[in-house]
Amino acid sequence: MEHSNDGNLAQVQHVVLVLSGKGGVGKSTITTELALALRNAGKKVGILDVDLCGPSIPRMLSVGRPDVHQCDSGWVPVYTDAKKSLALMSIGFLMEDPDEAVVWRGPKKTALIGQFVSDVAWGELDVLLVDTPPGTSDEHLAVLENLKKHRVDGAVLVTTPQAVSTGDVRREITFCKKTGVRILGIIENMSGFVCPHCSECSNIFSKGGGEELAKLTGSEFLGSVPLDPLLSASIEEGKDFVQSFPNSATFSALTSISQTLLSSLQAA
Amino acid sequence: MTKGLPRQKPIAGIKQVIVVASGKGGVGKSTTAVNLALGLTANDPSKSVGMLDADVYGPSIPKLMNLKGNPELTDNNLMIPLTNYGIPCMSMGFLVDDVAPIVWRGLMVMSAIEKLLRQVDWGSLDYLVVDMPPGTGDVQLSITQNIPIAGAVIVSTPQDIALMDARRGAEMFKKVNVPVLGLVQNMSVFQCPNCNHQTHIFGSDGARQLAETLGVKLLGDVPLHLNIRETSDRGKPVVVSSPDSPEAEAYRKVASAVVQRLKEVRP
(Lines give C-alpha, C1' and ligand atoms only; values in the text may rest on other atoms or scores of the structure.)
Protein backbone atom coordinates (compact mmCIF):
# COMPACT_ATOMS: atom_id res chain seq x y z
CA MET A 1 0.00 0.00 0.00
CA GLU A 2 1.39 3.44 -0.84
CA HIS A 3 2.38 5.55 2.07
CA SER A 4 0.60 8.60 0.68
CA ASN A 5 -2.78 6.89 1.08
CA ASP A 6 -2.52 7.18 4.80
CA GLY A 7 -3.06 10.88 4.17
CA ASN A 8 -6.79 10.34 4.03
CA LEU A 9 -6.92 9.01 7.57
CA ALA A 10 -4.20 11.24 8.97
CA GLN A 11 -6.65 13.82 10.27
CA VAL A 12 -9.03 11.26 11.74
CA GLN A 13 -8.49 11.27 15.50
CA HIS A 14 -10.20 8.01 16.41
CA VAL A 15 -11.36 4.95 14.47
CA VAL A 16 -13.95 2.69 16.06
CA LEU A 17 -15.26 -0.53 14.55
CA VAL A 18 -18.84 -1.56 15.31
CA LEU A 19 -18.93 -5.34 15.30
CA SER A 20 -21.22 -8.13 16.27
CA GLY A 21 -20.87 -11.56 14.82
CA LYS A 22 -24.66 -11.85 15.00
CA GLY A 23 -26.88 -10.33 12.34
CA GLY A 24 -29.78 -8.05 13.09
CA VAL A 25 -28.75 -6.92 16.57
CA GLY A 26 -28.66 -3.27 15.58
CA LYS A 27 -25.08 -2.57 14.50
CA SER A 28 -26.14 -0.03 11.88
CA THR A 29 -28.78 1.48 14.16
CA ILE A 30 -26.28 1.83 17.00
CA THR A 31 -23.60 3.17 14.64
CA THR A 32 -26.04 5.79 13.38
CA GLU A 33 -27.24 6.73 16.86
CA LEU A 34 -23.72 6.92 18.27
CA ALA A 35 -22.74 9.14 15.36
CA LEU A 36 -25.73 11.42 15.96
CA ALA A 37 -25.08 11.51 19.72
CA LEU A 38 -21.41 12.35 19.18
CA ARG A 39 -22.35 15.04 16.70
CA ASN A 40 -24.83 16.38 19.21
CA ALA A 41 -21.91 16.65 21.62
CA GLY A 42 -20.09 18.84 19.13
CA LYS A 43 -17.85 16.25 17.47
CA LYS A 44 -17.10 15.84 13.77
CA VAL A 45 -18.06 12.30 12.86
CA GLY A 46 -17.69 10.02 9.87
CA ILE A 47 -19.33 6.68 9.13
CA LEU A 48 -17.82 4.10 6.83
CA ASP A 49 -20.45 1.50 5.91
CA VAL A 50 -18.67 -1.65 4.76
CA ASP A 51 -21.74 -3.86 4.76
CA LEU A 52 -21.63 -4.42 1.02
CA CYS A 53 -24.60 -6.80 0.86
CA GLY A 54 -26.92 -4.82 3.08
CA PRO A 55 -25.84 -1.18 3.30
CA SER A 56 -28.32 0.37 5.71
CA ILE A 57 -26.71 3.63 6.80
CA PRO A 58 -27.72 5.84 3.84
CA ARG A 59 -31.36 5.03 4.53
CA MET A 60 -30.99 5.63 8.26
CA LEU A 61 -29.51 9.06 7.67
CA SER A 62 -31.94 9.93 4.93
CA VAL A 63 -29.25 10.88 2.44
CA GLY A 64 -30.98 9.34 -0.55
CA ARG A 65 -28.83 8.53 -3.55
CA PRO A 66 -26.43 11.38 -4.09
CA ASP A 67 -23.69 11.34 -6.72
CA VAL A 68 -20.30 10.58 -5.31
CA HIS A 69 -17.54 12.87 -6.52
CA GLN A 70 -13.82 12.41 -6.78
CA CYS A 71 -11.24 14.92 -5.68
CA ASP A 72 -7.44 14.81 -5.80
CA SER A 73 -7.21 12.62 -2.72
CA GLY A 74 -9.97 10.23 -3.66
CA TRP A 75 -13.71 9.98 -3.07
CA VAL A 76 -15.48 12.82 -1.37
CA PRO A 77 -17.74 11.50 1.37
CA VAL A 78 -21.41 12.38 1.40
CA TYR A 79 -22.31 14.93 4.06
CA THR A 80 -25.65 14.80 5.79
CA ASP A 81 -25.84 18.55 6.27
CA ALA A 82 -24.37 21.83 5.09
CA LYS A 83 -22.17 22.13 8.18
CA LYS A 84 -20.42 18.88 7.20
CA SER A 85 -20.64 17.60 10.74
CA LEU A 86 -21.46 14.03 9.68
CA ALA A 87 -19.76 12.37 6.72
CA LEU A 88 -20.70 9.04 5.18
CA MET A 89 -19.38 6.57 2.65
CA SER A 90 -21.30 3.45 1.67
CA ILE A 91 -21.49 1.10 -1.25
CA GLY A 92 -25.12 2.11 -1.40
CA PHE A 93 -23.92 5.28 -3.15
CA LEU A 94 -22.02 3.46 -5.87
CA MET A 95 -24.75 1.15 -7.11
CA GLU A 96 -26.74 2.16 -10.18
CA ASP A 97 -29.88 0.56 -8.84
CA PRO A 98 -30.48 0.79 -5.10
CA ASP A 99 -32.36 -2.49 -5.12
CA GLU A 100 -29.61 -4.32 -6.93
CA ALA A 101 -28.17 -7.27 -5.06
CA VAL A 102 -24.42 -7.25 -4.53
CA VAL A 103 -23.64 -10.91 -4.99
CA TRP A 104 -19.86 -10.91 -4.79
CA ARG A 105 -17.33 -13.40 -3.59
CA GLY A 106 -14.68 -12.52 -1.06
CA PRO A 107 -11.82 -11.23 -3.19
CA LYS A 108 -13.99 -8.62 -4.90
CA LYS A 109 -15.34 -7.43 -1.57
CA THR A 110 -11.82 -7.24 -0.17
CA ALA A 111 -10.69 -5.09 -3.07
CA LEU A 112 -13.54 -2.60 -2.69
CA ILE A 113 -13.14 -2.34 1.05
CA GLY A 114 -9.45 -1.62 0.57
CA GLN A 115 -10.44 1.35 -1.56
CA PHE A 116 -13.09 2.48 0.88
CA VAL A 117 -10.64 2.53 3.72
CA SER A 118 -7.81 4.36 1.96
CA ASP A 119 -9.42 6.38 -0.79
CA VAL A 120 -12.10 8.40 0.92
CA ALA A 121 -11.05 11.98 1.62
CA TRP A 122 -12.43 12.23 5.14
CA GLY A 123 -10.60 15.42 6.07
CA GLU A 124 -10.68 16.31 9.75
CA LEU A 125 -12.76 14.01 11.90
CA ASP A 126 -12.94 13.41 15.62
CA VAL A 127 -14.34 9.91 15.24
CA LEU A 128 -14.74 7.54 12.30
CA LEU A 129 -17.21 4.75 12.99
CA VAL A 130 -16.98 1.66 10.78
CA ASP A 131 -20.23 -0.28 10.43
CA THR A 132 -19.58 -3.92 9.53
CA PRO A 133 -21.73 -6.80 8.31
CA PRO A 134 -22.34 -9.76 10.63
CA GLY A 135 -19.73 -12.52 10.77
CA THR A 136 -15.97 -12.72 10.76
CA SER A 137 -15.08 -12.88 7.12
CA ASP A 138 -13.50 -11.16 4.17
CA GLU A 139 -14.99 -7.77 4.96
CA HIS A 140 -13.68 -7.78 8.53
CA LEU A 141 -10.24 -9.01 7.57
CA ALA A 142 -10.08 -6.45 4.77
CA VAL A 143 -10.98 -3.60 7.10
CA LEU A 144 -8.40 -4.62 9.67
CA GLU A 145 -5.67 -5.18 7.15
CA ASN A 146 -6.25 -1.86 5.49
CA LEU A 147 -6.50 0.02 8.76
CA LYS A 148 -3.28 -1.54 10.05
CA LYS A 149 -1.18 1.46 9.07
CA HIS A 150 -3.52 3.83 10.81
CA ARG A 151 -4.41 3.31 14.44
CA VAL A 152 -7.67 1.49 15.19
CA ASP A 153 -8.73 2.57 18.66
CA GLY A 154 -10.83 -0.50 19.08
CA ALA A 155 -14.21 -2.09 18.61
CA VAL A 156 -17.63 -1.74 20.14
CA LEU A 157 -19.60 -4.98 20.13
CA VAL A 158 -23.36 -4.95 19.82
CA THR A 159 -25.50 -7.81 21.00
CA THR A 160 -29.10 -8.52 21.88
CA PRO A 161 -29.60 -10.30 25.18
CA GLN A 162 -30.67 -13.75 23.97
CA ALA A 163 -28.48 -16.82 23.83
CA VAL A 164 -28.20 -17.18 20.06
CA SER A 165 -26.83 -13.64 19.86
CA THR A 166 -24.42 -13.75 22.78
CA GLY A 167 -23.09 -17.05 21.42
CA ASP A 168 -22.08 -15.41 18.15
CA VAL A 169 -20.78 -12.30 19.86
CA ARG A 170 -18.55 -14.47 22.02
CA ARG A 171 -16.90 -15.66 18.85
CA GLU A 172 -16.46 -12.08 17.75
CA ILE A 173 -14.78 -11.25 21.06
CA THR A 174 -12.31 -14.05 20.47
CA PHE A 175 -11.75 -12.65 16.97
CA CYS A 176 -10.88 -9.26 18.45
CA LYS A 177 -8.51 -10.76 20.96
CA LYS A 178 -6.78 -12.81 18.27
CA THR A 179 -6.43 -9.89 15.87
CA GLY A 180 -5.29 -7.47 18.57
CA VAL A 181 -8.33 -5.21 18.35
CA ARG A 182 -9.02 -3.56 21.68
CA ILE A 183 -12.57 -4.14 22.88
CA LEU A 184 -13.92 -0.75 23.91
CA GLY A 185 -17.04 -2.35 25.28
CA ILE A 186 -20.28 -4.26 24.76
CA ILE A 187 -23.67 -2.71 24.13
CA GLU A 188 -26.83 -4.68 24.85
CA ASN A 189 -29.46 -3.60 22.37
CA MET A 190 -33.20 -4.37 22.30
CA SER A 191 -32.95 -4.82 26.05
CA GLY A 192 -36.51 -4.95 27.28
CA PHE A 193 -39.65 -3.51 25.76
CA VAL A 194 -41.88 -1.10 27.63
CA CYS A 195 -45.49 -1.30 26.51
CA PRO A 196 -46.56 2.21 25.50
CA HIS A 197 -50.02 1.50 26.82
CA CYS A 198 -49.50 0.10 30.29
CA SER A 199 -45.73 0.52 30.85
CA GLU A 200 -45.24 -3.16 31.58
CA CYS A 201 -41.73 -4.20 30.64
CA SER A 202 -41.51 -7.39 28.56
CA ASN A 203 -38.14 -8.95 27.94
CA ILE A 204 -38.94 -10.06 24.43
CA PHE A 205 -35.35 -10.82 23.58
CA SER A 206 -34.43 -11.66 27.17
CA LYS A 207 -32.36 -9.30 29.34
CA GLY A 208 -28.92 -9.08 30.82
CA GLY A 209 -27.22 -11.37 28.32
CA GLY A 210 -24.96 -8.57 27.12
CA GLU A 211 -23.94 -7.60 30.62
CA GLU A 212 -23.23 -11.21 31.52
CA LEU A 213 -21.18 -11.61 28.39
CA ALA A 214 -19.12 -8.56 29.35
CA LYS A 215 -18.45 -10.03 32.81
CA LEU A 216 -17.66 -13.43 31.37
CA THR A 217 -15.11 -12.10 28.92
CA GLY A 218 -13.65 -9.34 31.09
CA SER A 219 -14.91 -6.61 28.75
CA GLU A 220 -16.45 -3.31 29.71
CA PHE A 221 -20.23 -3.07 29.57
CA LEU A 222 -21.13 0.21 27.91
CA GLY A 223 -24.86 0.07 28.55
CA SER A 224 -28.26 -1.20 27.44
CA VAL A 225 -30.55 0.30 24.86
CA PRO A 226 -34.22 -0.64 25.15
CA LEU A 227 -36.39 -1.94 22.30
CA ASP A 228 -38.12 1.26 21.35
CA PRO A 229 -40.64 1.50 18.50
CA LEU A 230 -39.93 5.25 18.32
CA LEU A 231 -36.29 4.47 17.57
CA SER A 232 -37.15 1.90 14.90
CA ALA A 233 -39.60 4.32 13.31
CA SER A 234 -37.00 7.12 13.40
CA ILE A 235 -34.42 4.93 11.75
CA GLU A 236 -36.92 3.80 9.17
CA GLU A 237 -37.73 7.36 8.23
CA GLY A 238 -34.15 8.56 8.37
CA LYS A 239 -34.88 11.06 11.12
CA ASP A 240 -32.52 12.20 13.84
CA PHE A 241 -33.80 10.36 16.92
CA VAL A 242 -31.40 12.26 19.13
CA GLN A 243 -33.06 15.55 18.14
CA SER A 244 -36.63 14.24 18.11
CA PHE A 245 -36.83 12.39 21.43
CA PRO A 246 -34.43 13.97 23.90
CA ASN A 247 -36.60 13.03 26.88
CA SER A 248 -36.75 9.33 26.22
CA ALA A 249 -35.01 6.58 28.18
CA THR A 250 -33.48 5.49 24.90
CA PHE A 251 -31.93 8.92 24.41
CA SER A 252 -30.37 8.81 27.91
CA ALA A 253 -29.00 5.36 27.23
CA LEU A 254 -27.47 6.39 23.91
CA THR A 255 -26.02 9.61 25.29
CA SER A 256 -24.49 7.83 28.26
CA ILE A 257 -22.98 5.17 26.01
CA SER A 258 -21.51 7.74 23.62
CA GLN A 259 -20.01 9.71 26.51
CA THR A 260 -18.43 6.60 28.02
CA LEU A 261 -17.07 5.71 24.61
CA LEU A 262 -15.65 9.18 24.06
CA SER A 263 -13.92 9.16 27.46
CA SER A 264 -12.43 5.78 26.66
CA LEU A 265 -11.11 7.06 23.36
CA GLN A 266 -9.70 10.24 24.80
CA ALA A 267 -8.08 8.50 27.76
CA ALA A 268 -6.10 6.03 25.67
CA MET B 1 -9.09 -24.63 -8.95
CA THR B 2 -11.47 -26.07 -11.49
CA LYS B 3 -12.31 -23.88 -14.44
CA GLY B 4 -15.78 -22.48 -14.86
CA LEU B 5 -18.71 -22.75 -12.52
CA PRO B 6 -19.24 -25.87 -10.42
CA ARG B 7 -21.86 -28.19 -11.86
CA GLN B 8 -25.05 -28.65 -9.94
CA LYS B 9 -25.32 -32.17 -8.58
CA PRO B 10 -28.13 -33.35 -6.32
CA ILE B 11 -27.30 -34.82 -2.92
CA ALA B 12 -28.02 -38.53 -3.01
CA GLY B 13 -31.13 -39.51 -1.06
CA ILE B 14 -32.55 -36.01 -0.70
CA LYS B 15 -35.73 -35.35 -2.61
CA GLN B 16 -36.17 -31.59 -2.16
CA VAL B 17 -33.94 -28.86 -0.79
CA ILE B 18 -35.61 -25.79 0.69
CA VAL B 19 -33.40 -22.83 1.60
CA VAL B 20 -34.44 -20.31 4.24
CA ALA B 21 -32.79 -16.99 3.49
CA SER B 22 -33.24 -13.28 3.94
CA GLY B 23 -30.41 -11.00 2.95
CA LYS B 24 -30.87 -9.21 6.28
CA GLY B 25 -29.40 -10.52 9.49
CA GLY B 26 -31.41 -11.16 12.61
CA VAL B 27 -34.88 -11.42 11.09
CA GLY B 28 -35.37 -14.97 12.32
CA LYS B 29 -34.07 -17.24 9.56
CA SER B 30 -32.79 -19.90 11.92
CA THR B 31 -35.82 -19.74 14.19
CA THR B 32 -38.07 -19.99 11.14
CA ALA B 33 -35.98 -22.79 9.62
CA VAL B 34 -36.15 -25.03 12.69
CA ASN B 35 -39.84 -24.40 13.21
CA LEU B 36 -40.49 -24.96 9.50
CA ALA B 37 -38.67 -28.30 9.63
CA LEU B 38 -40.64 -29.31 12.71
CA GLY B 39 -43.84 -27.96 11.17
CA LEU B 40 -43.32 -30.13 8.09
CA THR B 41 -43.09 -33.27 10.20
CA ALA B 42 -45.91 -32.16 12.50
CA ASN B 43 -48.23 -31.68 9.52
CA ASP B 44 -47.19 -34.98 7.94
CA PRO B 45 -45.35 -37.43 10.20
CA SER B 46 -44.65 -39.71 7.24
CA LYS B 47 -42.19 -37.17 5.85
CA SER B 48 -38.53 -37.21 6.80
CA VAL B 49 -36.88 -33.82 7.20
CA GLY B 50 -33.27 -32.84 7.81
CA MET B 51 -31.61 -29.51 8.64
CA LEU B 52 -28.41 -28.07 7.32
CA ASP B 53 -27.04 -25.02 9.08
CA ALA B 54 -25.09 -23.21 6.39
CA ASP B 55 -24.37 -20.19 8.56
CA VAL B 56 -20.70 -20.88 8.89
CA TYR B 57 -19.88 -17.75 10.88
CA GLY B 58 -22.78 -17.70 13.29
CA PRO B 59 -24.21 -21.23 13.49
CA SER B 60 -27.38 -21.06 15.57
CA ILE B 61 -28.91 -24.47 14.90
CA PRO B 62 -27.01 -26.31 17.68
CA LYS B 63 -28.44 -23.89 20.24
CA LEU B 64 -31.94 -23.91 18.82
CA MET B 65 -32.12 -27.69 18.53
CA ASN B 66 -30.28 -28.37 21.80
CA LEU B 67 -27.59 -30.37 20.06
CA LYS B 68 -23.94 -30.55 20.94
CA GLY B 69 -20.91 -32.63 20.13
CA ASN B 70 -18.68 -33.74 17.29
CA PRO B 71 -20.34 -35.86 14.63
CA GLU B 72 -19.17 -39.42 14.32
CA LEU B 73 -18.06 -40.86 11.01
CA THR B 74 -19.45 -43.77 9.06
CA ASP B 75 -17.18 -46.44 7.57
CA ASN B 76 -16.89 -44.42 4.39
CA ASN B 77 -15.98 -41.23 6.24
CA LEU B 78 -19.32 -39.49 6.01
CA MET B 79 -20.35 -37.38 9.00
CA ILE B 80 -23.36 -38.68 10.85
CA PRO B 81 -25.86 -35.88 11.53
CA LEU B 82 -26.92 -35.22 15.11
CA THR B 83 -30.64 -35.73 15.64
CA ASN B 84 -33.17 -34.18 17.97
CA TYR B 85 -36.98 -34.04 17.78
CA GLY B 86 -36.70 -36.45 14.86
CA ILE B 87 -34.70 -34.04 12.71
CA PRO B 88 -31.14 -34.97 11.69
CA CYS B 89 -28.98 -31.83 11.70
CA MET B 90 -25.56 -30.78 10.52
CA SER B 91 -23.86 -27.50 11.40
CA MET B 92 -20.43 -25.90 11.49
CA GLY B 93 -21.27 -25.39 15.15
CA PHE B 94 -20.69 -29.13 15.73
CA LEU B 95 -17.24 -28.94 14.22
CA VAL B 96 -15.78 -26.00 16.09
CA ASP B 97 -15.41 -24.88 19.66
CA ASP B 98 -18.18 -22.69 21.17
CA VAL B 99 -16.16 -19.55 21.38
CA ALA B 100 -13.89 -19.92 18.42
CA PRO B 101 -14.51 -17.40 15.68
CA ILE B 102 -14.58 -18.84 12.21
CA VAL B 103 -12.39 -16.33 10.48
CA TRP B 104 -12.41 -17.64 6.97
CA ARG B 105 -12.11 -16.01 3.65
CA GLY B 106 -14.47 -16.92 0.85
CA LEU B 107 -12.43 -19.81 -0.59
CA MET B 108 -12.31 -21.70 2.67
CA VAL B 109 -15.99 -21.16 3.18
CA MET B 110 -16.70 -22.69 -0.23
CA SER B 111 -14.72 -25.74 0.75
CA ALA B 112 -16.51 -26.06 4.10
CA ILE B 113 -19.91 -25.78 2.44
CA GLU B 114 -18.93 -28.56 0.01
CA LYS B 115 -18.20 -30.81 2.95
CA LEU B 116 -21.42 -29.94 4.75
CA LEU B 117 -23.34 -30.75 1.58
CA ARG B 118 -21.57 -33.84 0.30
CA GLN B 119 -19.84 -35.48 3.22
CA VAL B 120 -22.84 -36.03 5.45
CA ASP B 121 -24.68 -39.32 5.76
CA TRP B 122 -28.16 -37.86 5.34
CA GLY B 123 -29.78 -41.13 4.36
CA SER B 124 -33.07 -40.69 2.59
CA LEU B 125 -34.94 -37.43 3.20
CA ASP B 126 -38.08 -35.91 1.73
CA TYR B 127 -36.91 -32.40 2.59
CA LEU B 128 -33.63 -30.82 3.56
CA VAL B 129 -34.16 -27.39 5.10
CA VAL B 130 -31.06 -25.23 4.73
CA ASP B 131 -30.60 -22.30 7.10
CA MET B 132 -28.63 -19.67 5.21
CA PRO B 133 -26.46 -16.93 6.69
CA PRO B 134 -27.32 -13.26 6.14
CA GLY B 135 -25.98 -11.54 3.05
CA THR B 136 -25.69 -12.39 -0.61
CA GLY B 137 -22.16 -13.68 -0.96
CA ASP B 138 -19.97 -16.73 -0.99
CA VAL B 139 -22.21 -19.10 0.93
CA GLN B 140 -25.30 -18.30 -1.10
CA LEU B 141 -23.38 -18.65 -4.35
CA SER B 142 -21.70 -21.87 -3.29
CA ILE B 143 -24.94 -23.53 -2.33
CA THR B 144 -26.98 -22.42 -5.31
CA GLN B 145 -24.20 -23.37 -7.72
CA ASN B 146 -23.62 -26.77 -6.15
CA ILE B 147 -27.03 -28.32 -5.62
CA PRO B 148 -30.45 -28.07 -7.22
CA ILE B 149 -32.80 -26.18 -4.93
CA ALA B 150 -36.55 -26.79 -4.99
CA GLY B 151 -37.32 -23.38 -3.58
CA ALA B 152 -36.35 -20.50 -1.35
CA VAL B 153 -38.29 -19.11 1.60
CA ILE B 154 -37.40 -15.51 2.35
CA VAL B 155 -37.86 -14.26 5.89
CA SER B 156 -38.23 -10.61 6.73
CA THR B 157 -39.41 -8.38 9.52
CA PRO B 158 -41.86 -5.67 8.48
CA GLN B 159 -39.46 -2.74 8.52
CA ASP B 160 -38.08 -1.18 5.38
CA ILE B 161 -34.48 -1.71 6.39
CA ALA B 162 -35.08 -5.45 6.41
CA LEU B 163 -37.28 -5.44 3.33
CA MET B 164 -34.61 -3.71 1.26
CA ASP B 165 -32.30 -6.60 1.97
CA ALA B 166 -35.07 -9.17 1.52
CA ARG B 167 -35.72 -7.75 -1.91
CA ARG B 168 -32.02 -8.11 -2.75
CA GLY B 169 -32.16 -11.66 -1.44
CA ALA B 170 -35.13 -12.46 -3.68
CA GLU B 171 -33.37 -10.88 -6.63
CA MET B 172 -30.30 -12.97 -5.99
CA PHE B 173 -32.36 -16.15 -6.18
CA LYS B 174 -33.94 -15.00 -9.42
CA LYS B 175 -30.45 -14.38 -10.82
CA VAL B 176 -29.43 -17.94 -10.06
CA ASN B 177 -32.78 -19.46 -11.13
CA VAL B 178 -33.97 -20.66 -7.76
CA PRO B 179 -37.77 -20.43 -7.42
CA VAL B 180 -38.85 -18.12 -4.60
CA LEU B 181 -41.59 -19.97 -2.73
CA GLY B 182 -42.58 -16.86 -0.88
CA LEU B 183 -42.00 -14.50 2.03
CA VAL B 184 -42.51 -15.04 5.74
CA GLN B 185 -43.31 -11.90 7.69
CA ASN B 186 -41.66 -12.39 11.07
CA MET B 187 -41.94 -10.37 14.29
CA SER B 188 -45.03 -8.79 12.82
CA VAL B 189 -46.71 -7.53 15.97
CA PHE B 190 -46.18 -7.69 19.72
CA GLN B 191 -49.04 -8.22 22.12
CA CYS B 192 -48.38 -7.01 25.64
CA PRO B 193 -48.89 -9.95 28.01
CA ASN B 194 -50.23 -7.56 30.60
CA CYS B 195 -52.77 -5.41 28.81
CA ASN B 196 -53.00 -7.07 25.39
CA HIS B 197 -52.17 -3.82 23.65
CA GLN B 198 -50.65 -4.50 20.26
CA THR B 199 -47.50 -2.69 19.21
CA HIS B 200 -45.95 -2.93 15.77
CA ILE B 201 -42.41 -2.59 17.04
CA PHE B 202 -40.76 -3.27 13.71
CA GLY B 203 -43.30 -1.59 11.52
CA SER B 204 -46.49 -2.84 10.02
CA ASP B 205 -47.19 -5.25 7.19
CA GLY B 206 -44.22 -4.28 5.11
CA ALA B 207 -43.44 -7.86 4.14
CA ARG B 208 -46.97 -8.42 2.94
CA GLN B 209 -46.63 -5.39 0.70
CA LEU B 210 -43.24 -6.48 -0.58
CA ALA B 211 -44.65 -9.90 -1.42
CA GLU B 212 -47.30 -8.22 -3.53
CA THR B 213 -44.73 -5.99 -5.24
CA LEU B 214 -42.44 -8.88 -6.04
CA GLY B 215 -45.33 -11.06 -7.11
CA VAL B 216 -44.54 -13.76 -4.57
CA LYS B 217 -46.78 -15.41 -2.03
CA LEU B 218 -46.89 -14.41 1.62
CA LEU B 219 -46.35 -17.80 3.24
CA GLY B 220 -47.16 -16.69 6.73
CA ASP B 221 -47.14 -14.11 9.44
CA VAL B 222 -45.42 -14.86 12.74
CA PRO B 223 -45.96 -12.52 15.68
CA LEU B 224 -43.27 -11.36 18.07
CA HIS B 225 -43.88 -13.51 21.09
CA LEU B 226 -41.74 -14.06 24.15
CA ASN B 227 -42.53 -17.76 23.99
CA ILE B 228 -40.69 -18.13 20.69
CA ARG B 229 -37.49 -16.60 22.06
CA GLU B 230 -37.76 -18.42 25.40
CA THR B 231 -38.21 -21.81 23.77
CA SER B 232 -35.42 -21.03 21.32
CA ASP B 233 -33.03 -20.16 24.13
CA ARG B 234 -33.96 -23.42 25.85
CA GLY B 235 -33.34 -25.39 22.69
CA LYS B 236 -36.89 -26.67 22.34
CA PRO B 237 -38.51 -24.82 19.42
CA VAL B 238 -42.04 -23.63 19.92
CA VAL B 239 -43.59 -26.13 17.44
CA VAL B 240 -42.60 -28.99 19.76
CA SER B 241 -42.69 -27.27 23.12
CA SER B 242 -46.06 -25.50 22.75
CA PRO B 243 -47.74 -27.24 19.84
CA ASP B 244 -51.17 -25.80 20.65
CA SER B 245 -50.02 -22.21 20.82
CA PRO B 246 -50.89 -19.65 18.14
CA GLU B 247 -47.17 -19.27 17.39
CA ALA B 248 -46.78 -22.97 16.67
CA GLU B 249 -49.92 -22.81 14.54
CA ALA B 250 -48.42 -19.93 12.57
CA TYR B 251 -45.33 -22.02 11.77
CA ARG B 252 -47.40 -25.04 10.81
CA LYS B 253 -49.31 -22.83 8.41
CA VAL B 254 -46.01 -21.71 6.87
CA ALA B 255 -45.06 -25.37 6.46
CA SER B 256 -48.33 -26.19 4.63
CA ALA B 257 -47.94 -23.16 2.40
CA VAL B 258 -44.38 -24.26 1.56
CA VAL B 259 -45.54 -27.75 0.57
CA GLN B 260 -48.27 -26.27 -1.58
CA ARG B 261 -45.87 -23.90 -3.32
CA LEU B 262 -43.34 -26.67 -3.94
CA LYS B 263 -46.01 -28.49 -5.92
CA GLU B 264 -46.76 -25.33 -7.88
CA VAL B 265 -43.18 -24.55 -8.85
CA ARG B 266 -42.12 -28.10 -9.67
CA PRO B 267 -40.74 -28.11 -13.21
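Here is a short briefing on cysteine contacts and aromatic ring pairs in this structure. The model is predicted, so please read every value below as computed from it. Over all chains, there are zero disulfides, while the count of aromatic pairs comes to four.

**Cysteines**

- No disulfide includes A:C198, and its nearest cysteine sulfur belongs to B:C195, 3.5 Å away.

**Aromatic pair within chain A**

- Among the four aromatic pairs is the one formed by A:W75 and A:F116, with ring centres 5.7 Å apart and planes at 75°, so it counts as edge-to-face.
- This pair links distant parts of the chain: A:W75 sits in strand β4 (residues 74-75) and A:F116 in helix α4 (residues 106-118), 41 residues apart.
- Both A:W75 and A:F116 are buried.

**Aromatic pair between chains**

- A:F205 and B:F202 have ring centres 6.5 Å apart and planes at 45°, so this pair is tilted.
- The contact crosses between chains: A:F205 lies in the loop between β11 (201-202) and α7 (209-217) of chain A, and B:F202 lies in the loop between β8 (198-199) and α6 (206-214) of chain B.
- A:F205 is buried, as is B:F202.

Methods:
Residues are numbered from 1 along each chain as its sequence is written. Chains are lettered from A and ligands numbered from 1 in the order in which they are written. This is a predicted model: local features need pLDDT of at least 70, side-chain atom pairs count only at pLDDT 80 or more; totals for chains, interfaces and linings use all residues. Side-chain values use heavy atoms; hydrogens and water are left out. A disulfide is a pair of cysteine sulfur atoms within 2.5 Å. Rings of Phe, Tyr and Trp (its six-membered ring) pair if their centres lie within 6.5 Å; planes under 30 degrees apart count as stacked, over 60 as edge-to-face and the rest as tilted. Helices (H or I, at least four residues) and strands (E, at least two) are DSSP runs, numbered from the N terminus. Buried means under 20% relative accessible area, exposed over 50%, partly exposed in between (1.4 Å probe, protein chains only).
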